[in-house]
Amino acid sequence: MNSFETAAKELLSRRKAGTKAPCLDESIRPTSNDDALAIQGEMAKLHKVKGWKCLLPPAEGKIVVAPIFDVQQDTNTIELYADNGVARVEPEIGFVLARPLGPNSSGYTDTEIIDAIGSTHMALELIQSRYADDSDKEFADSLADCMVNQGVFVGPEVDKATAIELSTVQLSVTQKGGTQVLDGKHPNPRAIDGLVWLINYMTKRGVSFEAGEVIITGSFKGVLDMAFDVETTIAYQDLAEYTVTFKALV
């Protein structure tokens, strides 16, 4: 067993309630983006990939890309591990592929990528920090561990053309009879931008994307802390809304 596989098995084992662990042992700890992506690749061999998260790389050269292993859809109950006693989520757009995009050393055009998208949806990234606060983790550690992702909820479908161009949206979140109205702004100029980068970056590295996978591309309002076991309504103004209840996994 190589160090990347050992690291992958250890990181997958930490995906459970209440886990806040130190960084990996130095013998298997990633020290670069390439190390982290190799560990992700080993995780993908051990656990079916159901989606991806991404973001256009910031100027400092860090890359935000990670496989997603849990997708929840067509349900009014979202199950996730608590993080410091709350359900931590990020409001996003989810792009669901209708057909596969295989390895391609030349890359894909924007049109080819957009044509491969079958539907677009309101979505929530489900967040879980698995490193201890005093772990002194670095970026490669977080990248290897899939950037605090524990899954994604795919909500109601929204217009594809609107979703592709979306950069700002007013959000409302209602829990326990109180409503927060939030001005949402995507971290990239368009919600689609990170997806285009992701497909080309990863397919040039030999990665395949499969039909049915959902891709999320960045939060409109960072992380929101939500209460468990109460009805929660989330709305994107003029697009759609849904009502769910968060249930803590144990």
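This is a predicted model: local features need pLDDT of at least 70, side-chain atom pairs count only at pLDDT 80 or more; totals for chains, interfaces and linings use all residues.

Q: What makes a set of residues a nonpolar core, and which residues have the most contacts inside the largest one?
A: The members must be buried residues of the listed nonpolar kinds, joined through side-chain atoms within 4.5 Å. The largest such core has 68 residues, and Val65, Leu124, Leu198, Phe209, Ile215 and Phe246 have the most contacts inside it. Helix 6 (residues 193-203) supplies the largest share of this core, six residues. There is also a second, separate core of seven residues, among them Ile68, Val96, Ala123 and Val152. As general background, nonpolar side chains in soluble globular proteins tend to be buried together.

Q: Which residues is Phe209 in contact with, leaving aside its neighbours within four places in sequence?
A: Phe209 is in contact with Trp52, Leu97, Pro100, Leu101, Leu198, Ile199, Met202, Thr203 and Ile215.

Q: Why is Leu143 called buried?
A: Buried means under 20% relative accessible area, and Leu143 has 0% relative accessibility, so Leu143 counts as buried. This residue lies in helix 4 (residues 139-144). Not counting residues up to four places away in sequence, Leu143 touches Asn33, Ala36, Leu37, Gln40, Ile63 and Val65. Leu143 and Asp34 are 109 residues apart in sequence, yet their C-alpha atoms are 9.8 Å apart in space.

Q: What makes Lys62 partly exposed, and where is Lys62 placed?
A: The relative accessible area of Lys62 is 37%, so Lys62 is partly exposed. Lys62 is in the loop between strand 1 and strand 2. Not counting residues up to four places away in sequence, Lys62 touches Pro57 and Phe139. Lys62 and Gly41 are 21 residues apart in sequence and 18 Å apart in space, C-alpha to C-alpha.

Q: Why does Lys176 count as exposed?
A: Exposed means over 50%, and Lys176 has 66% relative accessibility, so Lys176 counts as exposed. Lys176 is found in the loop between strand 8 (168-175) and strand 9 (178-185).

Q: What is the phi of Lys176, and what is the phi of Asp229?
A: Lys176 is a residue other than glycine with a positive phi, near 55°. Asp229 is not a glycine either, and its phi is positive at about 65°. Asp229 is in the loop between strand 11 (224-226) and strand 12 (231-236). For context, most residues other than glycine have a negative phi.

Q: How do you know that the radius of gyration agrees with a compact globule?
A: A compact globule of 250 residues would have a radius of gyration near 18 Å, and the protein chain has 18 Å, so the two agree. The C-alpha atoms fill a box of roughly 50 × 45 × 30 Å along the principal axes. Buried residues make up 52% of the 250 residues. Of the contacts with a separation of 6 or more, 76% are between residues 24 or more positions apart. The chain has six helices and 13 strands.

Q: How many cavities of 30 Å³ or more are there, and which residues line the largest cavity?
A: The count comes to one cavity of 30 Å³ or more. The largest cavity holds about 30 Å³ of space. Its lining consists of Ser129, Arg130, Tyr131, Lys137, Ser142, Asp145 and Val148. These lining residues divide into two nonpolar, two polar and three charged.

Methods
Residues are numbered from 1 along each chain as its sequence is written. Side-chain values use heavy atoms; hydrogens and water are left out. Buried means under 20% relative accessible area, exposed over 50%, partly exposed in between (1.4 Å probe, protein chains only). Helices (H or I, at least four residues) and strands (E, at least two) are DSSP runs, numbered from the N terminus. Contact means heavy atoms within 4.5 Å. On a 1 Å grid over the protein atoms alone, a cavity is a set of points where a 1.4 Å probe fits but cannot get out, and a pocket is an open set with protein on both sides within 12 Å along at least five of seven lines; lining residues have an atom within 4 Å of a point. Grid points are joined across faces, edges and corners, and a volume is the space filled by probe spheres set on the points. Ala, Val, Leu, Ile, Met, Phe, Trp, Tyr, Cys and Pro count as nonpolar, Asp, Glu, Lys and Arg as charged, and the others, Gly among them, as polar. The radius of gyration is taken over C-alpha atoms; the globule rule is 2.2 Å times the number of residues to the power 0.38.
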